[in-house]
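Thanks for making the time.

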Amino acid sequence: MTTVNFIQEQLSVSYVRAVVFRTGFNLYRPEIDNHGIDGTIVNPAARGVNRVDYQLKATTRWQVNGDVILYDLRVEDYNRLVREDDVPRVLILFLMPNDEGQWLAQSREELCLRKCAFWADLMGKAPSANTSTVRVEVASADVFDGNGLLNMFSRLTV
């Protein structure tokens with residue numbers, strides 16, 4: 001039996017792949033994720049730093065507070081994302097409806113993944129001494145779509 005977490009993960013991976021490839025970028029995923037990096041997005045047209053590493057989370061558990069999305073991220077994952085590195089690193093958060101029946105819709109005319117993904121740059125923030133989770137804020141303006149991906153690269157690789 002396939003677990004709900006596995007299904008969420010695979011749908012979020014499909015979302016990221018669709019956005020990255022539609023934007024004309026490249027995507028690399030490690031065979032084994034043992035460093036908290038789920039993949040690398042490469043902008044083949046960029047000069048200098050042309051890649052961004054990411055950690056991808058899919059969830060039905062989040063809150064909205066004004067212009068930010070609040071998400072409880074595991075401390076281990078958070079501390080990996082805040083560590084300074086030569087390669088920019090972001091969190092991609094794929095928000096999914098609570099109702100599993102709404103996650104994916106398809107017809108002869110379309111394939112629709114619901115709901116949306118957002119990205120956050122946490123590098124440089126203070127590491128956490130919490131024992132389980134850290135509440136992170138993800139700007140609702142930082143949508144992970146084609147324009148958001150271009151925006152991400154322009155903001156992180158300057």
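Which residues point one way from S6, and which the other way? Arg89, Leu91, Leu93 and Leu95 are on one side. Val90, Ile92 and Phe94 point the other way, and all of these residues are buried. Before I go on, note that this is a predicted model.

Staying with S6, the strand covers residues 89-95. Seven of its seven residues are buried, so take S6 as mostly covered, with buried meaning under 20% relative accessible area.

Now the partners of S6. Strand S3, residues 51-59, pairs with S6 in the parallel sense, over seven bridges. In that pairing glutamine 55 stands opposite leucine 91. S9 also pairs with S6, here in the antiparallel sense and over six bridges. Two positions to look at: isoleucine 92 is opposite tryptophan 119 in S9, and leucine 95 is opposite cysteine 116 in S9.

What about the burial of S9? Strand S9 runs over residues 116-121, and five of these six residues are buried, so the strand is largely enclosed by the rest of the structure.

Next, the open sheet. It has three strands in the order S4-S5-S10, and the pairing is antiparallel. S4, residues 63-65, and S10, residues 133-139, are at the edges; each has a single partner strand, so one side of each has no neighbour in the sheet. On average, neighbouring strands here are turned by 35 degrees against each other, direction ignored.

Within this sheet, S5, residues 68-74, pairs with S10 over seven bridges in the antiparallel sense. Aspartate 72 stands opposite arginine 135 in S10. Helix H2, residues 75-82, packs on the sheet and touches S5 and S10. The direction of H2 makes about 110 degrees with that of S5.

The buried residues of H1 are Gln8, Leu11, Ser12, Val13, Tyr15, Val16, Val19 and Val20. To read that list, recall that an α-helix has 3.6 residues a turn, so residues three or four places apart point the same way. After H1 comes glycine 24, with a positive phi, near 90 degrees.

That is the end of my part.

Definitions and conventions. Residues numbered from 1 in each chain as written. Predicted model: local features only at pLDDT ≥ 70, side-chain atom pairs only at ≥ 80, totals over all residues. Heavy atoms only, no water. Buried < 20%, exposed > 50% of the residue type's maximum accessible area, 1.4 Å probe, protein only. Helix = DSSP H or I, 4+ residues; strand = E, 2+ residues; numbered from the N terminus. Pairing = 2+ DSSP bridges. Axes fitted to C-alpha atoms, helices over the stretch in contact; angles between N-to-C directions. Contact = heavy atoms within 4.5 Å.
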